[in-house]
Amino acid sequence: MAFKDKIKFHVWVDPKYGSMKKAKEMARKVTRILGSLPEFLRRHVHVIAILSEGEGANIDGPGGVITWHENTFNENGFDEEGFMHETAHTIIDNDMYGTTAWESAVQADPNYISQYAKDYPDREDVAESFVAWYALKSGRLNNDDEEKISTAIPNRVALFDDLYSNEDFYPVSGKKSGTKYSMPKKIDYNGGWYHNC
């Protein structure tokens, strides 16, 4: 499959959906949500694996494989937030963890943005903080939520501003980057449970 900006990826759908028609419906539903995220977050997603059972989502960051469980969908907008969190693991984690800039920002900030980030600072703080930064930059938050983010993690926000404000934000920005993308090869996502697929 491919998005309008020509980012290409594979979609694997659980055969338990029973028919190709149902599988395609689910693939369209999931990819529509993923397609709403900025280009720079999607370009390292190679495979979306959609399962009919279970809850939650996870990513094999280096392989760019997002596993999405149907019961993860909800009416409260978690879908976009969940995808952003998982895609942040593919690119943002590598830019942050283990760097002096990230460690300094964490030390200087008074809080974590969520309990999840606090409980798992070495694997979830970046993704949780990045989602908050993006929400702050989107202009969709009320003043109270903007204040909470700006007060809790001001140094992380500033670091994300420095590193990502000039990235390709299509379709949010309305302007495609023009980058040419090719279909990911098996070597791009080889590993884990899906290597024999």
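**Sheet, core and a buried glutamate**

The protein has nine helices and four strands. The model is a predicted one. Along the sequence, the elements follow the pattern β-α-α-β-β-β-α-α-α-α-α-α-α. Of the 197 residues, 42% count as buried.

The four strands form an open sheet. Their order is β1-β2-β4-β3, and the pairing is mixed. Strands β1 (10–13) and β3 are the edge strands, and each pairs on one side only. Neighbouring strands of the sheet are turned by 15 degrees against each other on average, direction ignored. Helix α1 (residues 20–34) lies across β1, β2 and β4. The helix runs at about 125 degrees to β2.

Strand β4 (residues 65–69) pairs with two other strands. With β2 (residues 47–51), the pairing is parallel and spans five bridges. Here isoleucine 48 stands opposite isoleucine 66 of β4. With β3 (residues 57–60), the pairing is antiparallel and spans four bridges. Two residue pairs illustrate this second pairing. Aspartate 60 stands opposite valine 65 of β4, and alanine 57 stands opposite tryptophan 68 of β4.

Strand β4 is also mostly covered, with five of its five residues buried. In a regular strand, side chains alternate between the two faces of the sheet. In β4, Val65, Thr67 and His69 point one way. Ile66 and Trp68 point the other way. The residues of both groups are all buried.

The largest nonpolar core of the protein holds 42 residues. Phe83, Ile92, Met96, Phe130, Trp133, Phe160 and Tyr164 touch the most other members. Helix α6 (residues 125–138) gives the largest share of this core, eight residues. Leaving aside neighbours within four places in sequence, tyrosine 164 is in contact with Phe40, Ile92, Asp95, Met96, Phe130, Trp133 and Phe169. Among these partners, Ile92, Met96, Phe130 and Trp133 are also listed with the core members that touch the most others.

Glutamate 124 sits in the loop between α5 (115–119) and α6. Is this residue buried or exposed? Its relative accessibility is 8%. The cut-off for buried is under 20%, so glutamate 124 counts as buried. Which residues surround glutamate 124? Leaving aside neighbours within four places in sequence, the contacts of glutamate 124 are His85, His89, Tyr97, Tyr116 and Ala117. Two of the contacts involve polar atoms of the side chains. The side chains of glutamate 124 and histidine 89 are joined by a polar contact of 3.1 Å. A polar contact of 3.3 Å links the side chain of glutamate 124 to the side chain of tyrosine 116.

Key:
Residues numbered from 1 in each chain as written. Predicted model: local features only at pLDDT ≥ 70, side-chain atom pairs only at ≥ 80, totals over all residues. Heavy atoms only, no water. Buried < 20%, exposed > 50% of the residue type's maximum accessible area, 1.4 Å probe, protein only. Pairing = 2+ DSSP bridges. Core = buried A, V, L, I, M, F, W, Y, C linked by side-chain atoms within 4.5 Å. Contact = heavy atoms within 4.5 Å. Axes fitted to C-alpha atoms, helices over the stretch in contact; angles between N-to-C directions. Polar contact = N/O pair within 3.5 Å; in protein donor to acceptor, adjacent residues only side chain to side chain.
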